[in-house]
Amino acid sequence: MTKKNISEFPSLAEVQEKVENNPLPEAPEPKKVNKTTRWLARWLIAALALIVLSLTAFRYLRSPSGQLLLGSGSVTGLAVNTNQQPVAAEVFIPGSDYFAQAGADGLFELGNIPAGVQSVVVAFDGIGHEIQVEIEAGKTVNIGTIKLETTQVPP
Amino acid sequence: MKQPHRRPAGQGSVEFILIIGLISIVAVLLLSQTSFSVSNLFCQIVESFNMQSKGLCAAVVKEEFASLENWTNVWGSPSLNLSNGKLCMGKDGRLLNKTKPPDDCHITVDKAQLNSGSGYGIMFRMTQSGNNYAGYTFQVDPGLNKRFVFRRYDRNGSELSTPLSSVAPPNNFNWNAPHKVEVVAVGTKFQAYMDGVLVLTASDSTYSSGQAGLRTWDSTEACFDNFTITP
């Protein structure tokens, strides 16, 4: 490092004069953000957030736990074979754990089913019969006598 | 006191990232509500370019019936015979491949031939329910008014008496000739192809995943050559 003599430095008066004669350039203006664009972006974010919330709520309400928020009801009925004899059929909602077994008298009750339209299957001897039932919260729907064929129904 | 001026710098980027993120979430939520499969579309494109299927699009099951070690029968007592890379199956049986395929998949049997009896089926999305398996089948079913049908099985393997959908093939359809049979399951939509031609569709949301396999019933004798599952 080379040492400088103090006399080589400008005096305070010289520095002041230099600054006054050569002012610093003005700072550039901050870039202006278009207000309309910003509001459009915010509205778009709000709209998208609303869509996300709605879709999430829709998915939840279709889930088993979500459906129970709508309340639950029951289904009752009588299962008989083609000779009108009562049979101990199985009654369930496919793809779920809702299951009941009819008694020897053919009577069945499937309880605590989420409210809404449910697909109820009554099955006996390896053949199931599907019935769409509108379940109302706190109510029991009687679907009457279900006659169970033991062979497939031709299309 | 004068409030300090809030600089808008950086705000644009945050909004931009938020918009992109939210659009992505909306897209994922919407696609999950439909039967559209991005991986399926990707594999179709790969296939259309005659590129060798690897990685994501590679077959998850490629069964040439050298043995039955990858299969398990879950219903009845079918006769099962292996000969020249073919499986011949008879009587009442539901034979499932042990590999669990992707939920959306494409099942192909290169040659399925009904030698005698009521018909045969390709099962898919079969899952344990009660003491047996629930899921779906596409059936080549001359025993049921000579139709192609999609059926559903529920708890304890009980078969829904009314098919999900059915169609009668052309009068000149040869039930006993070998046919290429394909089933495509994407979301809640199912398609069946016979010899490369779409013959039947069905829709059901009860079962979304599970194993695939083959079915025969009653006095059926049917042979199957090459069983493949691709995404």
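This is a predicted model: local features need pLDDT of at least 70, side-chain atom pairs count only at pLDDT 80 or more; totals for chains, interfaces and linings use all residues.

Trainee: How many residue pairs are in polar contact between chain A and chain B?
Mentor: Seven, counting pairs with both residues at pLDDT 80 or more.

Trainee: Which elements of chain A give two or more residues to the side that touches chain B?
Mentor: They are α2 (35–62), β2 (90–92), β5 (116–124) and β6 (127–135) of chain A. The largest share comes from α2(A), with 14 residues. By class, that side of chain A divides into 19 nonpolar, seven polar and six charged residues.

Trainee: What area is buried between chain A and chain B?
Mentor: About 2,800 Å², of which carbon and sulfur atoms give 63%. The contact takes 32 residues from chain A and 32 residues from chain B. Accessible area lost when the parts come together is often used to give the size of an interface.

Trainee: What makes R152(B) and E130(A) a salt bridge?
Mentor: Their closest N and O atoms are 3.0 Å apart. The cut-off is 4 Å, between a side-chain nitrogen of Lys or Arg and a carboxyl oxygen of Asp or Glu. The pair therefore qualifies.

Trainee: How many salt bridges does the rule find across the interface of chain A and chain B?
Mentor: Two. Over all chains, the search finds nine. E15(B) and R42(A) also meet in a salt bridge, at 3.2 Å from N to O. E15(B) lies in helix α1 (residues 11–33) of chain B and R42(A) in helix α2 of chain A, so this pair joins two chains.

Trainee: How do you know that β6(A) pairs with strand β10 of chain B?
Mentor: Pairing needs at least two bridges. β6(A) and β10(B), residues 159–160, have two, in the parallel sense. I127(A) stands opposite E159(B) there.

Trainee: Which residue stands opposite I127(A) within chain A?
Mentor: F124(A). Nine bridges join β5(A) to β6(A), and these strands run antiparallel. They form a hairpin with two residues between them. D125(A), in the turn, has a positive phi of about 55°.

Trainee: What makes β2(A) and β5(A) a pair?
Mentor: Three bridges join them in the antiparallel sense. The rule asks for at least two, so they count as paired. V91(A) has V122(A) in β5(A) as its bridge partner.

Trainee: Why are C88(B) and C223(B) called a disulfide?
Mentor: Their sulfur atoms are 2.0 Å apart. The cut-off is 2.5 Å, so the pair passes. The search of the whole structure finds one disulfide over all chains.

Trainee: Why is the disulfide of C88(B) and C223(B) right-handed?
Mentor: Because the torsion about the S-S bond is about 105°. C88(B) lies in strand β4 (residues 86–90) of chain B, and C223(B) in strand β16 (residues 221–230) of chain B.

Key:
Residues are numbered from 1 along each chain as its sequence is written. Chains are lettered from A and ligands numbered from 1 in the order in which they are written. Side-chain values use heavy atoms; hydrogens and water are left out. Contact means heavy atoms within 4.5 Å. Buried area is the accessible area (1.4 Å probe) that two parts lose on being put together, summed over both. A polar contact is a pair of N or O atoms within 3.5 Å; within protein, one must be able to donate a hydrogen and the other to accept it, and residues adjacent in sequence count only if both atoms are side-chain atoms. Helices (H or I, at least four residues) and strands (E, at least two) are DSSP runs, numbered from the N terminus. Ala, Val, Leu, Ile, Met, Phe, Trp, Tyr, Cys and Pro count as nonpolar, Asp, Glu, Lys and Arg as charged, and the others, Gly among them, as polar.
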